[in-house]
Amino acid sequence: MLIRPSCWLAFATNGNFRKYSIVKMTSNWMTEKIKISSLSIEDKRKTYRSNEYVILDKVDPWHKYVAGSKDIENKKHTQEDLTEFRKIKLNEEKNAELAEKVSIFRGDITKLEIDAIVNAANSRLKAGGGVDGAIHRAAGPLLQAECNSIGGCPTGEARITSGYDLPAKHVIHTVGPQDGSAQKLRSCYESCFALVKEHQIKSVAFPCISTGIYGFPNRLAAHIALQTTRQFLEQNTDVGRVIFCTFMQVDVDIYETLLQVYFPVHEWNYND
Ligand code: ADP
């Protein structure tokens, strides 16, 4: 039987047991991590904190999303978008294949039952607000216990943990820039993809890193996300799905516009 992490939270709030519970939590995250990784999907689903979860098959690949969306072609890119886009060169032969691998998911990233979700973390890897708070709440306190064992993470780098009570198997924590540095944001995506490759992760979802509390401009952030994803997927055929999780309408609009440029489903060629 699985020990629910909420038991440990109860211990941790009891003054007399506090020290004892922290020691127990340290060893407990390791035990739990091993246990979770060996569960069948049916048993793993019993550990989720929320009954609402979204399986990968319910997230439309981009070409299907475009086909099912009436007004998407009215979302036009700007000249500045093309200038930014032309900083990378596409291998156009991959267009059709990659339009089946990327997706826009509108909603809460913690609901996704996939291999890994990315967390927009802080450099101390302490549960904070925004998407970070949502992920920690849905994963339970053992996520913080494992993060504590890592200690921290510099801006632009990434670290991986188990997902605990989340539907996602892993959480990749990356620390976005607070100073608007495009290079550091690019490094976040590249560091996450390096972990995706190392851990043979087949499906991964990204929130709009740094665009919330950290204030990075949404449109440039989306360009960086799409450029690094396109380059990674062109060179790494093992990864099946990359999902852009959009939580705010502004990001839905930006991603619907820019995916048409970076992952064209028609014969258009914006690279010329
Ligand atoms: P940062 O500190 O890196 O700016 P935030 O968490 O403040 O991170 O915001 C990053 C993005 O995550 C924002 O677009 C925000 O709207 C979005 N977000 C917040 N909660 C969730 C969630 N539960 N699922 C997906 N995205 C979320």
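A residue is called buried if its relative accessible area is under 20%, exposed if over 50%, and partly exposed in between, with a 1.4 Å probe and protein chains only. The model described here is predicted, so local features need pLDDT of at least 70 and side-chain atom pairs count only at pLDDT 80 or more, while totals for chains, interfaces and linings use all residues. Residues are numbered from 1 along each chain as its sequence is written, and side-chain values use heavy atoms, with hydrogens and water left out.

G140 counts as buried because its relative accessibility is 4%. G140 lies in the loop between helix 7 (130-139) and helix 8 (141-150); helices are DSSP runs of H or I with at least four residues, numbered from the N terminus. The C-alpha atom of G140 is 6.9 Å from that of Y164, although the two residues are 24 residues apart along the chain.

The ligand is surrounded by 17 residues, each having a heavy atom within 4 Å of the ligand. The closest are D108, V131, S210, G212 and I213. The table lists polar contacts, which are pairs of N or O atoms within 3.5 Å.

| Residue (backbone atom) | Ligand atom | Distance |
|---|---|---|
| I109 | nitrogen | 3.0 Å |
| V131 | oxygen | 2.8 Å |
| S210 | oxygen | 2.9 Å |

Helix 9 (residues 182-198) and helix 10 (residues 218-235) pack at an angle of about 35°, and their axes are 10 Å apart. Axes are lines fitted to C-alpha atoms over the stretch in contact, and angles run from 0 to 180 degrees between N-to-C directions.

Definitions and conventions: Helices (H or I, at least four residues) and strands (E, at least two) are DSSP runs, numbered from the N terminus. A polar contact is a pair of N or O atoms within 3.5 Å; within protein, one must be able to donate a hydrogen and the other to accept it, and residues adjacent in sequence count only if both atoms are side-chain atoms.
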